[in-house]
Amino acid sequence: CLMFLLLACSSATGQMCLERAQEIAPPLTRDTRREFEAKLAEARKNVETEASADNLIWLGRRIAYLGHYKDAIKIFTQGVEKFPDDARFLRHRGHRFITLRCFDLAIADLSHAAKLVKGKPDQIEPDGLPNARNIPTSTLQSNIWYHLGLAHYLKGDFKAALNAYREAAKVSTNPDMLVATTHWEYMTLRRL
């Protein structure tokens, strides 16, 4: 009975956070905005043609790149409902909860995503905003652990953040991701 009450309170608090969260759109040049809107239109068409997991993820990502984080969360929520075993939806929704500073919701999603990928092969995560060399720098698992660490860090739970960053380091095979993870691990150790 106590567990049910705790879950209900946590869910209500999380929902309240999401309702009150302020979306602050990223500053985009006119050309960049046009490019992002064109890619969003293409993503919408792809979902209309086939509402696959990949197409839904890209629709949510493209919406988020324009600063419409709550709309992106709705898309990722549809994906969680339609594809409950696909950790990518929880990973991306958790990332957007961090953007909106709803850390408890982010931690819940990213923790669940970590459980879903445990013991499975990692996969490259395509960059929506590629670097100059167009080389992906992260994987699904490294992003899950990295963002879980970030959510814990921003919430002030540095022990949990350290554990997440240490898990992220284990799966950070790209030097860029390893540097980012190690930086946050160092920042966390300083807090401890």
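**Close-up 1. Buried residues of helix 5 in this predicted model.** Going along helix 5, you'll find Ala87, Arg88, Phe89, Leu90, Arg91, His92, Arg93, Gly94, Arg96, Phe97 and Ile98 buried. That's 11 of the helix's 13 residues, so helix 5 is largely enclosed by the rest of the structure. The helix covers residues 87-99 and reaches 19 Å from its first C-alpha to its last, close to the 18 Å expected at 1.5 Å a residue. Just after helix 5, look for Arg101, which takes a positive phi of about 65°.

**Close-up 2. Asp86, in the loop between helix 4 and helix 5.** With helix 4 spanning 69-82, Asp86 sits in the loop that runs between it and helix 5. Its relative accessibility is 16%, so Asp86 counts as buried. Set aside the neighbours within four places in sequence, and Asp86 is in contact with Ala53 and Leu116. Ala161 is 75 residues away from Asp86 along the chain, and 24 Å separates their C-alpha atoms.

**Close-up 3. Helix 6 packing with helix 7.** Here helix 6 (residues 103-117) packs with helix 7 (residues 140-155) at an angle of about 150°, and the axes are 9 Å apart. That angle makes the pair roughly antiparallel. The crossing of helix 6 past helix 7 is left-handed. From helix 6, the residues in the contact include Phe103, Ile107, Leu110 and Val117, while those from helix 7 include Leu140, Ile144, Trp145 and Leu148. Sorted by type, the residues of this contact come out as 13 nonpolar, four polar and two charged.

Methods
Residues numbered from 1 in each chain as written. Predicted model: local features only at pLDDT ≥ 70, side-chain atom pairs only at ≥ 80, totals over all residues. Heavy atoms only, no water. Helix = DSSP H or I, 4+ residues; strand = E, 2+ residues; numbered from the N terminus. Expected span 1.5 Å × (residues − 1). Buried < 20%, exposed > 50% of the residue type's maximum accessible area, 1.4 Å probe, protein only. Axes fitted to C-alpha atoms, helices over the stretch in contact; angles between N-to-C directions. Parallel < 35°, antiparallel > 145°, perpendicular 65-115°, else oblique. Left-handed = near helix turned anticlockwise from the far one by under 90°. Contact = heavy atoms within 4.5 Å. Nonpolar A, V, L, I, M, F, W, Y, C, P; charged D, E, K, R; others polar.
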